[in-house]
Amino acid sequence: MAMTNSLKKSISHVIFDLDDTLLKTDDIVNKVLKVYLNKYGKEWNSKGLQIVGKTPLEAAASLVDHYELQCSTQDLLSEITPMFSCQWHNIKALPGAYRLIKHFVSCDVPMALASNSPRSDIESKISYHKELKDSFSVIIGGDEVKNAKPSPEIFLEAAKRLNSDPSRCLVVEDSIPGVISGKAAGMQVLAVPSHREKVELFGSADEVINSLFDFDPERWGLPSFSDWIEKTLPTKPWFIGGPVIKGFGRGSKLLGIPTANLAVDKFSDEISEMSSGVYFGWASLSNKGIYKMVMSVGWNPYFDNTEKTMEPWLLHEFKEDFYGDELRLAVIGYIRPEANFPTLESLIARIREDGRIAEKALDLPLYATYKEEEFLNSLA
Ligand SMILES: [Mg+2]
């Protein structure tokens, strides 16, 4: 949702949710629930039951009810809690989370962490992320207030401990209970939905963004980032490779933009960890050479794909197909979030613009240096 300038507020404090806002907890949740439910002859379906943003007790009660388990909520919690605890060290930070927190620390913006998880779980989860651990002036768990989210209590308590007026606090949340809680507390709310199919339900948030890469602090009166360069954001380099397969077939036919697709099943974990959006970098093709590349990761809203995919477009005119050839990619920067377009022409125009941005940015020494990577050169 676009935010008009008239809505821009002077924010002085930022309050973050933790799970699936800063840390990618849902991978662990899916993993643990799959194992647990299997044991009782049930199959976990992450798209069925919504437990995002709930307290452990509420989530456990929903599970017992939804899967008709022959146990009490407390029994389930007792069995499952240790299963989660031994997975906390595997939780990864969401793309852009460290960058954002580091930025606010360096600009002296006071931050709080307010999560429906028990305080001890929060402490244990962030103990594996030194970039987050000491960055918050206030940390509050769901067990430290009477009423958890969607009650406003936890955010109001955070504002109080930050010595801030609620109206000067910005809440950053991935879940609907969290957004409701923040708005009920009289705060500005920035939503970064962790489940894309529910995006339309975030209407009460003041702004909805695709990923933390798209957080623009300036819109809230907070200090702006200075790491964007030539309309691109350098990201942690990501190296992948495999044989080129036939894609949807629409790249060259419908768009006039031939993509070189890789079999995504080999990289499903990596793709799941990446925020959707348009990225760029270098591509090496066996026996051909190294080329500039721009790539979309996500569901391509215009075509409404059901699976998250990646579709690299090599910025070079090839005379023939190269299906089956080995392709290696060094993904090194981000351009923009995925977006829907009213017409095919506007989609094509935007992809071509992405190509021009990538083409120009890759000549910058910061990005050009990756062309020398052994990973790419050992193939070309
Ligand atoms: Mg959350």
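Which residues have the most contacts inside the largest nonpolar core?

## The cores

They are Ile15, Phe155, Ala158, Leu170, Phe280, Met293 and Met295, and the core has 80 residues. A nonpolar core here is a set of buried Ala, Val, Leu, Ile, Met, Phe, Trp, Tyr and Cys residues joined through C-beta atoms within 7 Å; buried means that 20 or more other C-beta atoms lie within 10 Å of a residue's own, with C-beta atoms placed from the backbone. Apart from it lies another core of 5 residues, including Ala59, Ala60, Leu63 and Leu76.

Take Phe155: leaving out residues up to four places away in sequence, Phe155 touches Ile15, Ala114, Val171, Ser181, Gly182, Ala185 and Met187. Contact means C-beta atoms, placed from the backbone, within 7 Å.

## About the model

This is a predicted model, where local features need pLDDT of at least 70, side-chain atom pairs count only at pLDDT 80 or more, and totals for chains, interfaces and linings use all residues. Residues are numbered from 1 along each chain as its sequence is written.

## The sheet

Strands are DSSP runs of E, at least two residues, numbered from the N terminus, and two of them pair if DSSP finds at least two bridges between them. An open, parallel sheet has 6 strands in the order E3-E2-E1-E4-E5-E6. E3 (138-141) and E6 (207-208) are at the edges with a single partner strand each, so one side of each has no neighbour in the sheet.

Further in, 4 bridges join E4 (residues 169-173) to E5 (residues 188-191), and Val171 stands opposite Val189 in E5.

How values were computed. Buried ≥ 20, exposed ≤ 12 C-beta atoms within 10 Å, placed from the backbone. Contact = placed C-beta atoms within 7 Å.
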